Every structure is written in structure tokens, then in C-alpha cells.
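Please look at the sequence and the structure below before reading on.

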Number of protein chains: 2
Amino acid sequence: MKKIYNPTPESWSELLKRPTQTIADVEATVNDIFSEVKSKGDAAVKKYTQLFDGISLVEILVSKEEIAASEKAVSEELKTAINLAKANIEKFHSAQKTERVMVETTEGVNCWQEKRPIQKVGLYIPGGSAPLFSTVLMLAIPANIAGCKEIVLCTPPDKKSKINPAILYTANLCGVTKIFKIGGIQAIGAMTFGTESVPPVYKIFGPGNQFVTVAKQIAIKHGVAIDMPAGPSELLVFADYTANISFVASDLLSQAEHGADSQVVLVTTSKKLLNSVEKEVEKQLKKLPRKAIAEKAIVNSKLILVKNNTEAMKLINAYAPEHFIVISKEEDFFIENIQNAGSVFIGNYTPESAGDYASGTNHTLPTNGYAKQYSGVNLDSFMKSMTFQKISEKGIQNIGKTIELMAEAEGLQAHKNAVTLRLKSLKNNNDE
Amino acid sequence: MKKIYNPTPESWSELLKRPTQTIADVEATVNDIFSEVKSKGDAAVKKYTQLFDGISLVEILVSKEEIAASEKAVSEELKTAINLAKANIEKFHSAQKTERVMVETTEGVNCWQEKRPIQKVGLYIPGGSAPLFSTVLMLAIPANIAGCKEIVLCTPPDKKSKINPAILYTANLCGVTKIFKIGGIQAIGAMTFGTESVPPVYKIFGPGNQFVTVAKQIAIKHGVAIDMPAGPSELLVFADYTANISFVASDLLSQAEHGADSQVVLVTTSKKLLNSVEKEVEKQLKKLPRKAIAEKAIVNSKLILVKNNTEAMKLINAYAPEHFIVISKEEDFFIENIQNAGSVFIGNYTPESAGDYASGTNHTLPTNGYAKQYSGVNLDSFMKSMTFQKISEKGIQNIGKTIELMAEAEGLQAHKNAVTLRLKSLKNNNDE
């Protein structure tokens with residue numbers, strides 16, 4: 001772990017730099033696969049599933065039988081857990097619904113804003129060692145609350161052509177309309193262009209490896225929106241003397257086990273705490289099954305000592321952490337002044353894993369400093385806001401002159417004319 | 001104008017196709033200029049201003065004196081109009097503020113969502129023949145209501161190194177913090193990387209030509225967010241027999257005068273209206289100062305006859321117009337069922353120009369079919385949503401088991417451990 005004492009603000013940007021990711025190499029591969037998926041549909045998807053996943057699929061759509069079987073394959077205990085998490089996530093995301101905003105801006109000029117669901121969305125769930133059914137919850141639940149009509153899910157099959165039953169169970173529970181055994185670039189391509197089996201979608205959500213990340217970025221060029229740009233997961237903990245050392249160490253390690261490139265940062269005003277956490281991390285690390293991964297992230301992790309809370313707050317806002325845990329006697333100061341963070345975890349009994357799974361907040365959050373300008377996934381991510389306006393005869397008479405003057409000043413005579421014609425017609429009617 | 005009678009749904013996608021834009025050619029230019037702006041700052045900005053705009057600037061920041069002078073240069077009449085428009089836009093966007101959403105999802109588990117302003121935003125206002133001060137209103141007003149700390153505006157200077165006074169007056173009125181005489185790719189580069197004079201921003205808004213559009217797309221790769229992907233402006237009018245022919249024609253023409261590539265579509269259930277509108281457009285077109293431009297867009301415009309309202313609604317949702325005017329006896333049917341549109345204008349007295357300038361709604365809207373998944377600019381465009389959670393001892397005891405089970409099932413032992421440690425510590429405390 002790297003210990004840094006009282007870094008100057010000038011050094012922060014270097015100190016807090018994330019590893020840069022290279023995209024260029026992967027781009028050509030994505031473009032090739034996309035163009036083949038676009039022209040050959042399912043055949044191309046199957047070809048690349050054979051090539052990358054080493055399996056030959058006859059059917060890429062998960063069948064009703066497979067879904068029914070997953071119901072039985074998941075333990076009752078885990079089902080109960082998934083259902084409790086679902087209830088909390090549902091409560092929190094349902095509460096995010098907004099009413100129509102209606103304003104009569106001038107007499108006779110009624111304007112309103114309404115959110116309507118994005119009709120077709122695609123969810124990507126990575127495969128690999130960890131079956132991320134929790135991410136299914138985080139994406140499918142708000143999609144369903146938003147009212148998206150088509151909720152497509154793609155996830156890579158294992159060597160036996162199967163999807164992990166916890167993923168199938170959760171997807172079915174949360175109203176996913178179609179589940180496909182497709183992973184990687186070909187999955188993003190299929191949801192972008194559509195194939196004989198896979199419906200094209202308007203927006204793609206979900207995490208993935210470097211290939212999926214680049215594929216999502218290139219999908220934008222083909223008219224699809226994505227949830228947010230991706231980067232390695234990260235955690236910043238601010239802890240003062242009130243923090244429990246062993247809890248802090250366990251939180252840093254839970255971030256570290258995500259991957260060797262995970263970003264782990266501790267900021268503190270207490271040198272004593274800094275040294276104690278360092279020792280405790282070493283101790284806890286030894287017992288972890290994913291020790292090999294976590295160790296690499298821990299080597300690059302940073303323990304930063306700062307003068308005071310104000311300095312800490314500035315540094316944290318400059319970093320804009322995805323996850324921000326704050327354990328401080330002055331927690332209100334941090335809650336009030338945090339400007340850039342994906343999700344904030346407050347106090348000794350709020351570990352990041354609570355938000356990852358079951359507290360109710362979403363775990364799909366902006367990394368890589370993107371918390372400065374992107375929201376984490378929330379109900380609105382599955383909707384778009386539309387405006388409406390209805391102007392009465394009186395209304396156009398009230399604002400008509402204003403529009404005419406502004407349109408003329410911008411040199412747009414036809415814009416002016418659309419109003420002039422209406423005003424004249426009303427004048428004539430009144431004169432009659 | 002192209003008249004199409006009762007097209008089959010299979011033909012819609014071809015019929016409603018927008019012109020594709022070529023990006024590849026411009027990309028290399030953008031990359032070159034970006035890398036020079038990044039390394040050489042103001043010097044590079046000035047070099048390209050000389051090269052593209054043909055003027056040599058000593059100072060790119062607009063001075064207080066220039067702003068004060070603009071106050072005098074704008075007529076009182078136009079100032080009154082701008083202020084009325086501002087009042088309406090402020091009313092509508094202020095009403096979009098959302099309260100903190102707070103939910104106790106499980107006893108002792110408090111989650112909340114709050115929106116906080118994006119600290120630094122950049123607004124781009126194109127130059128050219130039309131000084132788009134209305135776009136300054138549409139971007140600076142919500143930025144200011146959101147509470148953005150730094151609101152930077154870039155707009156190209158004219159041949160006398162000046163900015164149009166209406167733009168300066170409006171920018172100053174709406175709380176823009178710094179105005180720069182920079183246009184094109186170099187402006188987007190300056191706001192992306194920052195220079196000695198221009199602060200780097202987190203999100204860039206505003207319209208522009210093909211170069212600006214591509215520059216904004218490439219800015220994303222450098223960590224900046226943008227308002228939305230751009231495309232030529234478009235209007236779709238649905239009109240039945242209740243519509244005023246001359247109003248409809250004037251609306252189609254107000255769209256057509258934007259540019260030769262403007263998309264203009266009429267959908268109707270009345271063949272009689274279709275033919276009358278065609279004649280009226282030809283008549284009104286002759287009198288327009290921007291006739292040469294409007295004529296080109298009108299040649300490519302489409303007048304589509306459909307069987308009934310249901311068919312019309314399906315076709316309109318498939319097209320996803322930026323601007324959608326509906327003049328129909330059954331307007332409620334369309335209001336209720338429109339899923340994909342940027343902004344909706346209802347009835348004979350609601351021309352698109354009302355929303356372009358003064359009704360209160362925003363005129364920065366998704367084009368090119370992007371209304372399927374993107375919102376128009378609104379208050380939330382200048383904020384990001386963050387979540388918070390605070391869990392009590394009781395709370396972690398209530399959801400701890402669930403988190404442990406889920407983390408274990410995903411193979412993330414350290415995630416589980418962060419909870420286990422806390423549960424054990426509470427158990428020990430209780431046992432004492």
C-alpha cells in the first residue's frame with residue numbers, strides 16, 4: 001500500500017490518476033464483428049460464440065423449460081435473499097417516479113414535462129467465475145418499473161451451453177422478456193442491429209470486460225444509447241478516529257477482490273488510523289480465497305493523510321469516487337459537501353456490499369471520475385423526458401410579439417411568419 | 001414534395017430514413033486539432049481561429065467592457081422580448097426541480113437519492129448568419145437554476161473579432177461566468193482539455209455544424225459528457241380536417257428554412273388536406289427571404305396519407321420526430337400514445353416557433369430518431385443523481401444475512417466478510 005502524507009493540491013491529479021485504458025486495439029475487432037452481425041444475424045452470433053466461448057449453439061434463446069428448471073436449481077435460502085433484495089430495490093426505485101410537471105408560463109401557454117419509458121432496452125450480464133445475478137436485479141427492476149416494453153438480456157453461456165440458474169431465476173423474477181445465451185462483442189452487436197432472434201434495442205445497460213466496454217462505445221455510433229462509460233470499480237473511504245479499523249480494512253478488501261485494476265483509496269485525518277488500517281488489511285488479506293487478485297489491487301492502493309476535513313473533502317471531490325464510504329464524527333459535513341460521487345455509504349455499519357446487493361440503491365455507478373457528470377443507473381435511466389405545450393388563442397396573442405421579434409433578430413423569417421399568420425387570423429376574426 | 005399514400009408498415013423504415021452523416025473524414029482533423037489544443041493551449045486556439053475564421057485575436061475572453069457595450073447595442077424592444085422568454089423558460093425549468101427521495105427500505109436501512117449540479121459546464125453557440133441568442137437562453141437558464149458553478153460559453157467571433165451583442169447580452173443576463181470568442185473544433189477542444197484561459201468542463205452542450213458535432217463526439221473519449229448526439233432538425237406534423245391549412249404550411253416552412261437537410265414530414269388522414277397543404281406551401285415559399293434554403297428541404301419533404309389515427313400514431317412513433325405538431329379532433333389520443341418525440345405542440349395555435357423561443361419549453365431536442373431514448377435538454381441535464389445510504393446496527397442485522405448469501409453465491413468472499421465482521425461485532429457486544 002502506498003502511504004502519502006499531506007499531498008499538496010497540485011499533486012492530487014497525478015496522485016489520483018486512474019490507469020488509462022487503450023481502446024484502439026479492440027476497435028477494429030469490434031467493427032469487424034459488428035458488420036458481420038449486422039449482415040448475417042444469428043449465424044454470425046453463433047459463429048463468434050463458437051470462436052470465443054468454444055461452444056456450438058443450436059438455439060440462442062433461453063427456453064421456458066430452462067427458466068422453469070432454474071427455479072428448482074436455486075436454493076430456497078438464496079431465493080429468499082434475492083427476494084428481499086428485490087423488495088428493497090423496488091421500494092427505492094419506485095419512489096423515484098416523478099409526476100408530470102405542468103406550468104402555465106403565461107396566460108394561455110400551458111407547458112408540461114412527462115417521462116415515458118424507453119420502449120426497448122438491452123441488459124448485458126457478464127459471465128465468468130462470478131454469476132452476477134445482483135446486476136440483473138439492478139437493471140431489470142428499474143426497467144420494469146419504468147414500463148419498458150421489451151427487456152432483452154444477453155449473457156454468455158458456460159461450456160455446457162448453460163446459463164447460471166441464479167441469473168435465469170432472477171431475470172425471470174424481474175420481468176425480463178427475452179434471455180439470450182450470447183456474450184461479448186457479438187451480444188452488444190446483436191442488441192444494436194437486431195438479428196432473426198434478438199430484437200434491436202434503443203439503449204444498452206450493464207458491465208463487461210474491455211471488449212464489451214468498447215463494443216458499447218461503438219454501438220453509440222450506430223444510434224444506440226448506453227448507460228454510462230465504464231472503468232475499473234473503485235472505492236474511497238474517508239475515516240477519522242471514530243472508525244472501526246477492522247471494518248475499514250474489510251471494505252477496502254471487498255473492493256480489491258473485484259480485480260487487479262480495482263482502485264482502493266483511504267483518506268484520513270488520523271496517522272494512527274492509517275497505520276492500523278494498513279496492518280489490518282495485511283492480516284485480513286491472508287484469509288481471502290481471491291487473495292491473488294486482491295493483493296494486486298492492494299499493492300497499488302493509496303492511504304492518504306490530510307490535514308483536516310476541508311482538505312479531505314476537496315481531494316475527494318477532485319477524485320469523484322464511484323463508491324464513497326464516510327465514517328466520521330462530522331459525517332454531516334461530508335454529506336452536505338460531497339459534489340462528485342456515485343453512491344455514498346455513511347457510518348460504521350454501512351459497508352459497500354450493502355449497496356452492492358440489498359440496501360435498495362443501485363450498484364451500477366459511474367467510475368473513472370465520471371461521477372462528476374454522470375448519474376448512476378436509476379429509474380430515469382430507463383425513461384426519457386418529453387415536453388408538451390398547448391397554446392390557446394389568448395396565449396399566442398400574449399407571446400406572439402415576443403416570438404416575432406426574436407425570430408426576426410435571428411434572421412428566421414418563416415419562424416416569424418408562422419406566428420404572424422396566426423395573429424392576423426385572430427385579429428381578422430375579432431374584427432369581423 | 002413527395003406524396004405517399006397509405007404506405008405499408010414494411011416500407012416505413014425506408015420511407016422515414018434520415019440522411020446518413022459521414023463522420024470518418026472529419027475525425028482525423030478533430031484529432032489533430034485536439035492534440036494541439038491539449039499541448040499548446042491558447043496558442044493553438046488562436047492559430048486555428050486565424051486559420052478557420054480568418055482573424056487574429058489577442059484576447060479570447062470577452063471583456064467586461066464588451067459585455068457592457070452589448071447592453072446598449074440591443075434594442076429595448078428585443079431586450080423586452082428576451083426577458084419575457086427568459087421568464088417563461090425559468091418558470092418551466094424551475095418547476096422541474098426534484099426533492100430528495102428518501103426511503104427506509106428495511107427497518108434501519110435508510111436510502112436516499114439527491115441531484116447535485118454538474119460543477120462545470122460548457123455551452124457552445126454557433127456563429128454564422130443567425131445569432132442564436134435563443135439557444136443561450138435554453139442552455140444558460142437551466143445551468144443556472146441547477147447551480148452549476150462554472151458556466152463557460154464559446155462562440156465564434158465575426159470578421160471584426162466581435163460577438164453579436166444579442167448573444168453577449170443574453171449570456172450575461174443568464175449568469176454565464178465566462179464568454180470566449182472561440183468557435184468550431186478548437187472551442188470544443190478548449191473546453192475539453194482546458195487552456196490557460198478556458199477552464200476545462202465536465203459536460204458540453206449546444207448545437208453546431210458537422211465539425212462541432214464530430215468534435216463533441218470525440219470529446220466523449222477524453223472524458224467529457226455531451227448533451228446528446230446531433231442531427232439535422234426535423235418536424236413532423238399530424239393534421240386532420242380540423243387543421244388550418246395555412247398554419248400547417250407555415251410550420252412546415254419554418255422547419256424547412258433551417259437548412260437544406262431539414263426533415264419535414266406531414267402525416268394526415270385527409271387527402272384533401274394533403275393536397276391543399278402542398279399548394280399552400282408553394283405559395284408561402286415564394287415570399288420567404290431564405291427561399292433558396294427552404295426550397296431544397298421542401299423538395300425532399302414528405303406528405304404521407306394514412307388510413308386512420310392508429311396507423312398514424314404507429315408511424316409517428318416509428319419515426320420519433322424531434323418536433324411533433326398535432327392538430328386533430330382526437331388530440332388526446334395522440335398525447336396519450338406518443339412514445340417517441342422530443343417536444344409535442346398541440347392545436348392550431350401552437351406553432352413550433354413558440355417552443356423555439358418563448359413558451360418555456362427547451363428547444364435543444366433529440367433529432368435523428370434519438371427521441372426513442374434521449375431526453376431533450378432539461379434541468380436534470382445539468383445535474384447528476386447521487387445516492388446515499390445509512391444503515392444502523394439494527395439495519396445491518398436485518399439485511400446482513402441476505403448480503404452474505406448473495407455475496408457468497410457470486411463468489412465474492414471479501415464482500416461477505418465486510419458484513420460478517422460487523423454482524424459478529426454486534427453479536428459480541430450483545431453477548432457482553
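This is a predicted model: local features need pLDDT of at least 70, side-chain atom pairs count only at pLDDT 80 or more; totals for chains, interfaces and linings use all residues.

Residues are numbered from 1 along each chain as its sequence is written.

Chain B can be laid on chain A by a turn of 180 degrees with a shift of 0.0 Å along the axis, giving an RMSD of 0.0 Å, where the copies are superposed by least squares on the C-alpha atoms of residues with pLDDT of at least 70 in both. The two copies are thus related as by a two-fold rotation axis. In chain B, the C-alpha nearest this axis belongs to T98(B), 4.1 Å away from the axis.

Both chains contribute to an open, mixed sheet of nine strands, which runs from β2(A) to β1(B); strands are DSSP runs of E with at least two residues, helices runs of H or I with at least four, numbered from the N terminus, and two strands pair if DSSP finds at least two bridges between them. Strand β14 of chain A and strand β13 of chain B run parallel and are joined by four bridges, and T387(A) has S343(B) as its bridge partner.

| Strand | Residues |
|---|---|
| β14 of chain A | 383–391 |
| β13 of chain B | 343–346 |

The largest nonpolar core has 67 residues, of which V121(A), L123(A) and F382(A) touch the most other members. Such a core joins buried (under 20% relative accessible area, 1.4 Å probe, protein chains only) Ala, Val, Leu, Ile, Met, Phe, Trp, Tyr and Cys residues through side-chain atoms within 4.5 Å. Helix α6 of chain A gives the most to this core, with 10 residues.

Technical notes:
Chains are lettered from A and ligands numbered from 1 in the order in which they are written. Side-chain values use heavy atoms; hydrogens and water are left out. Buried means under 20% relative accessible area, exposed over 50%, partly exposed in between (1.4 Å probe, protein chains only).
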